[in-house]
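Subject: Structure for you to look at

Dear colleague,

I am passing on the structure we spoke about, and below it I have set out what was found. Please keep it open beside you while you read.

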Amino acid sequence: MTVELVARMLAGNRVALSKLMTAVESRAPERPAILAAVYPRTGRAHVIGITGPPGAGKSTLTDQVIDRFRRAGRKVGVVAVDPSSPFSGGAVLGDRVRMMRHAADDGVFIRSLSTRGSHGGLSRATKEIAHLLDAFGMDVVLIETVGVGQTELDVMEVAHTTVVVLVPESGDTIQTMKAGITEIADVFVVNKSDREGAERIRRELEAMVELGPRGAGAWRIPTLATVAAEGKGVDELVERIDAHRAWRDARPKDPDAAWAAAAHDIRDLIVERFGACLRGQVDAGLLDRYRDALLAGTTDPYTVALEVLASEDLVARILLCK
Ligand SMILES: Nc1nc2c(ncn2[C@@H]2O[C@H](COP(=O)(O)OP(=O)(O)O)[C@@H](O)[C@H]2O)c(=O)[nH]1
Ligand SMILES: [Mg+2]
């Protein structure tokens, strides 16, 4: 089933892609097998993060960027992440509406993710869905996420190039983030530059960039002005995004970082699988014989846990976990 679905996806079937995304997002048991099967086909796409406060125009900008990439003949996958609305899903819907004109385009695939569907593992789900889009053959994967909190930082770890979108009213955000914001951004965009104060914010950002690394090979973070609603400044944005990729590709690869990232993924997968199995084993009657003593007050949960951990019975059940 999984093998056939992956084969269909790799052959360009969008329904298969969509089903695989759902399996991965919901942590179906086939998830590691799916990811292993697509792995050899990943590593080609340029993954671009677009983040910033709600209402900054990220979706409008994403829509414009999709348009530019499509004109250049590049295929585009989009993951719209919304960590902020676990129940409503409202913003995600708005994002989709803003990118609707690409819905009929075979070279575009848009997936929305909310906290609800991904069992708290939003950054993991985002990363894995980006891998699927990469394997599907997308040249570019855009990840739109809201805000600059920890979840977004985790999400952005997946991105090769991160665009931080601000607006003329973002002065406070910049002040609270201070240097932290230049650590995540590869490109700054002041969107809604049709509004007053845009140039002032742009200069503030530029001053902050000046304080950053300036060595010969260092990337200099550009600060761009856009009016996403009118498509202004988007060509330059796409040009800087491409330039960042070229800069990145020209740098020597860091094997330690690559191994650390892989080891992190491997450990997570092992712990997750093992934890789920162990939970099942413990629930399957391992605790029954402590019930009466616990209710009678002659023991307590902590003592029971220590006894179970030291028991041969637990070891026997652990051996059943694969
Ligand atoms: N004035 C102005 N409004 C814009 C611009 N870009 C987007 N908007 C509007 O800002 C609102 C929020 O845009 P959206 O893309 O949903 O923001 P997101 O929450 O960051 O994804 C929408 O009503 C857009 O039409 C712009 O450059 N100038
Ligand atoms: Mg949006």
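Helix α4 supplies three residues to the shell around ligand 1, and this is the largest share of that shell. Please bear in mind throughout that the model is a predicted one. In total, 17 residues surround ligand 1, and the closest of them are Gly 55, Lys 58, Ser 59, Thr 60 and Arg 98. Sorted by class, the shell consists of six nonpolar, five polar and six charged residues.

Some of the polar contacts can be described atom by atom. An oxygen atom of ligand 1 lies 2.6 Å from an N or O atom in the side chain of Thr 60, while at Ser 59 it is a polar backbone atom that is found 2.9 Å from an oxygen atom of the ligand. A nitrogen atom of ligand 1, in turn, is 3.0 Å from an N or O atom in the side chain of Asp 194. Taken alone, the ligand exposes 580 Å², of which the protein buries 75%.

Turning to the sheet, seven strands form an open arrangement in the order β3-β2-β4-β1-β5-β6-β7, with parallel pairing. The edges are β3 (108-114) and β7 (223-225), each of which pairs on one side only. On average, and with direction ignored, neighbouring strands of this sheet are turned by 20 degrees against each other. Within the sheet, β2 (residues 76-82) and β4 (residues 140-146) pair in the parallel sense over six bridges, and Ala 80 stands opposite Glu 144 in β4.

With best wishes

Notes. Residues are numbered from 1 along each chain as its sequence is written. Chains are lettered from A and ligands numbered from 1 in the order in which they are written. This is a predicted model: local features need pLDDT of at least 70, side-chain atom pairs count only at pLDDT 80 or more; totals for chains, interfaces and linings use all residues. Side-chain values use heavy atoms; hydrogens and water are left out. A residue is near a molecule or strand if one of its heavy atoms lies within 4 Å of it. A polar contact is a pair of N or O atoms within 3.5 Å; within protein, one must be able to donate a hydrogen and the other to accept it, and residues adjacent in sequence count only if both atoms are side-chain atoms. Accessible areas come from the Shrake-Rupley method with a 1.4 Å probe; for residues, only the protein chains shown count as cover. Helices (H or I, at least four residues) and strands (E, at least two) are DSSP runs, numbered from the N terminus. Ala, Val, Leu, Ile, Met, Phe, Trp, Tyr, Cys and Pro count as nonpolar, Asp, Glu, Lys and Arg as charged, and the others, Gly among them, as polar. Two strands pair if DSSP finds at least two bridges between them. Axes are lines fitted to C-alpha atoms, for helices over the stretch in contact, and angles run from 0 to 180 degrees between N-to-C directions.
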